[in-house]
Amino acid sequence: LLTPAGTAEFASNGPLTKQAEITAALFRHWGLSRAPHVVAHDNAGLVSLRTILQHGCIYKSLTLVDVVAVGPWGLPFFKLVAENEDVFNAIPPQMFDGIVRSYIRDAAHITLRKEDEDMLAEPWVSGDGRPGQEGLVHVLKQASTRVSDDVEGQYHNVGESGLRVKIIWGKEDKWVPCERAEKLKNLIGGRSEVVLVEEAGHLIQLDQPERLMAEILMFLADVDAVS
């Protein structure tokens with residue numbers, strides 16, 4: 001299971017090309033006896049596709065959930081941060097906390113529970129040695145220049161390999177519009193399929209957790225049944 005470049009420490013530790021290299025090395029280290037099912041959200045979508053295309057990883061199936069994998073890239077906010085890095089690093093902690101929480105809320109379609117918002121904000125606003133304010137500013141600066149041009153033209157190789165790919169997208173995703181789902185499906189081709197989930201934003205796992213889990217489990221069961 002790949003999370004949205006999941007832990008804050010992982011997200012702030014280098015570009016996605018490096019994260020793909022690290023992820024591929026981890027799979028080799030595990031020495032799995034059979035190909036795994038991989039579920040990827042957000043940045044992990046591009047990471048997982050790179051592990052296949054550039055590092056030879058073999059998966060039994062690939063589920064891509066509101067992923068960052070096709071251009072155009074980045075929110076206007078990312079560019080604003082990149083052009084004013086020193087300013088954002090100098091914002092007082094209490095004010096930065098508000099920016100972080102507003103940023104998180106924008107990713108959800110429903111009103112987040114306080115405990116979920118706190119969980120997502122904590123790595124970026126705490127002072128306990130986590131990435132914190134500078135870490136998030138660094139991540140957003142990276143996001144302003146992230147590209148997938150070097151691999152988008154190779155996505156068809158994933159489809160042509162016969163790998164089963166399911167693309168799941170929150171229909172109300174304001175970060176990565178749901179039109180990208182169909183674009184990604186067309187680039188991958190093969191046996192890829194798209195499901196759009198109503199009443200769900202980018203944080204689909206919090207907006208519609210039961211529907212997301214049902215879609216994933218049905219897909220994995222179908223892949224296992226015919227393999």
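Reader: Where do R211 and E215 lie, and how many residues apart are they?
Author: Both R211 and E215 lie in helix 13, four residues apart, or about one turn of the helix. Helices here are DSSP runs of H or I with at least four residues, strands are runs of E with at least two, and both are numbered from the N terminus. This is a predicted model, in which local features need pLDDT of at least 70 and side-chain atom pairs count only at pLDDT 80 or more, while totals for chains, interfaces and linings use all residues. Residues are numbered from 1 along each chain as its sequence is written, and side-chain values use heavy atoms, with hydrogens and water left out.

Reader: What does R211 form with E215?
Author: R211 forms a salt bridge with E215, with the closest N and O atoms 2.9 Å apart. The term needs a side-chain nitrogen of Lys or Arg within 4 Å of a carboxyl oxygen of Asp or Glu.

Reader: Is E215 buried or exposed?
Author: E215 is buried, at a relative accessible area of 8%. R211 counts as partly exposed, at 34% relative accessibility. Buried means under 20% relative accessible area, exposed means over 50%, and partly exposed is in between (1.4 Å probe, protein chains only).

Reader: How many salt bridges are there in the whole structure?
Author: A search of the whole structure finds 17 salt bridges.

Reader: Which residue pairs with D222?
Author: R164 does, and the closest N and O atoms of that salt bridge are 2.7 Å apart. D222 lies in helix 13 (residues 209–226) and R164 in strand 3 (residues 164–170), so the pair ties together parts that are 58 residues apart in sequence.

Reader: Which end of that pair is buried?
Author: R164 is buried, with a relative accessible area of 9%. D222 is partly exposed, with 36%.

Reader: Which residue does R101 bridge to?
Author: R101 forms a salt bridge with D97, the closest N and O atoms being 2.8 Å apart. Both residues belong to helix 6 (residues 93–105) and sit four residues apart, about one turn of the helix. R101 is buried at 17% relative accessible area, and D97 is partly exposed at 23%.

Reader: Which residues are linked with that pair in a network?
Author: The network of salt bridges links D97 and R101 with R105, K114, E117 and D118.

Reader: Which residues line the largest cavity?
Author: The lining is F77, V81, F88, F96, I99, V100, Y103, L136, V137 and L140. Helix 4 (76–83), helix 6 and helix 8 (132–143) are the elements that give two or more residues to this lining. Helix 6 gives the most, with four residues.

Reader: And how many of the lining residues are nonpolar, polar or charged?
Author: Ten are nonpolar, with no polar and no charged residues. Ala, Val, Leu, Ile, Met, Phe, Trp, Tyr, Cys and Pro count as nonpolar, Asp, Glu, Lys and Arg as charged, and the others, Gly among them, as polar.

Reader: How far from V100 is W169 in space?
Author: W169 and V100 are 23 Å apart, C-alpha to C-alpha, and 69 residues apart in sequence. W169 is in strand 3 and is buried, with a relative accessible area of 1%.

Reader: What about the backbone, what is phi of D42?
Author: Phi of D42 is near 60°, a positive value in a residue other than glycine. D42 lies in strand 1 (residues 37–42) and counts as buried at 11% relative accessibility. E199 also is a residue other than glycine with a positive phi, near 55°.

Reader: Where is E199?
Author: E199 is in the loop between strand 4 (193–197) and helix 12 (204–207). E199 is partly exposed, with a relative accessible area of 43%.

Definitions and conventions. 1 Å grid on protein atoms, 1.4 Å probe; cavity = no way out; pocket = protein on both sides within 12 Å on 5 of 7 lines; lining within 4 Å.
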